[in-house]
Amino acid sequence: MEHRQRTIDVVTRARQHDWKIALPTGVISVAALIFGSAFGSVHGPSLRPRIVVWISAVVLVVFGVIAARRVGAGLGHLVTTRTIPAAGAAVRLVTTGVSYLIIICAELGLLDVSIDHLLVGAGLAGVVLGIAAQQSLGNVFASVVLLLAKPFSVGEKIRIRSGALGGIFDATVLGISLTYVTVRTDDGILKIPNSVMLATAAGPIGPNEEGPTRDSSPPE
């Protein structure tokens, strides 16, 4: 318990440090975007608006990337202290990726670059990747549902009812990641895909209930 409290204190301090950096760098990025859009132009008639827009673009990229990384880290630390480390890592990755995408769009708009063709290509690539990674994405979304619904927690002994997993059996939850739920049974350690685990019926077992059961099908 003492070690866990120290870990939480360290994460809290890191989160506060991230937000202290994220807020000013984010303000500087937005100011650079507004200033460059108002007083700069890539196709300006003189040299001054061109210098302004390029300096604003550099400031936007540098401080925008710093802000994106710090915001992602801050949200990741927040989720880690409230749920599990794997969920915090996922939130940090998604937040940073979305922030980078916003920075790219703002940068292209500031430099007066048409993004129509880029958006069409990104849309087609997203469709192809979504189809190819359908099962993996299903496990990721299932992990989000499991984290929000919390039908069980790490360290808890549960009873799982699933035809796909061979009937009814008891297990102890060892961990929940983005793709698998790791459990310990009498047969050893199993890694069950999150999408499969979400489709099962699972509930906690009391300390006075019977031991593990592999199959409870009624006799013919």
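**Reading the cores and strands of a predicted chain**

Q: Which residues make up the largest nonpolar core?
A: A nonpolar core is a set of buried Ala, Val, Leu, Ile, Met, Phe, Trp, Tyr and Cys residues joined through side-chain atoms within 4.5 Å, where buried means under 20% relative accessible area with a 1.4 Å probe and protein chains only. Here the largest such core has twelve residues, namely Leu 146, Phe 152, Ile 158, Ile 160, Phe 169, Ala 171, Val 173, Ile 176, Val 181, Val 183, Ile 192 and Met 197. Strands S1 (157-162), S2 (167-176) and S3 each give two or more residues to this core, and S2 supplies its largest share, four residues. Another core, of seven residues, lies apart from it and includes Ala 32, Ala 106, Leu 110 and Leu 111. The model is predicted, so local features need pLDDT of at least 70 and side-chain atom pairs pLDDT 80 or more, whereas totals for chains, interfaces and linings use all residues. Residues are numbered from 1 along each chain as its sequence is written, and side-chain values use heavy atoms, leaving out hydrogens and water.

Q: In which sense do strands S3 and S4 pair, and over how many bridges?
A: Strands are DSSP runs of E with at least two residues, numbered from the N terminus, and two of them pair if DSSP finds at least two bridges between them. S3 (residues 180-185) and S4 (residues 188-193) pair in the antiparallel sense over six bridges; a hairpin of two residues joins S3 to S4, and Tyr 180 has Pro 193 in S4 as its bridge partner.

Q: What percentage of the chain's residues count as buried?
A: By the cut-off already given, 29% of the 220 residues are buried.

Terms used
Buried means under 20% relative accessible area, exposed over 50%, partly exposed in between (1.4 Å probe, protein chains only).
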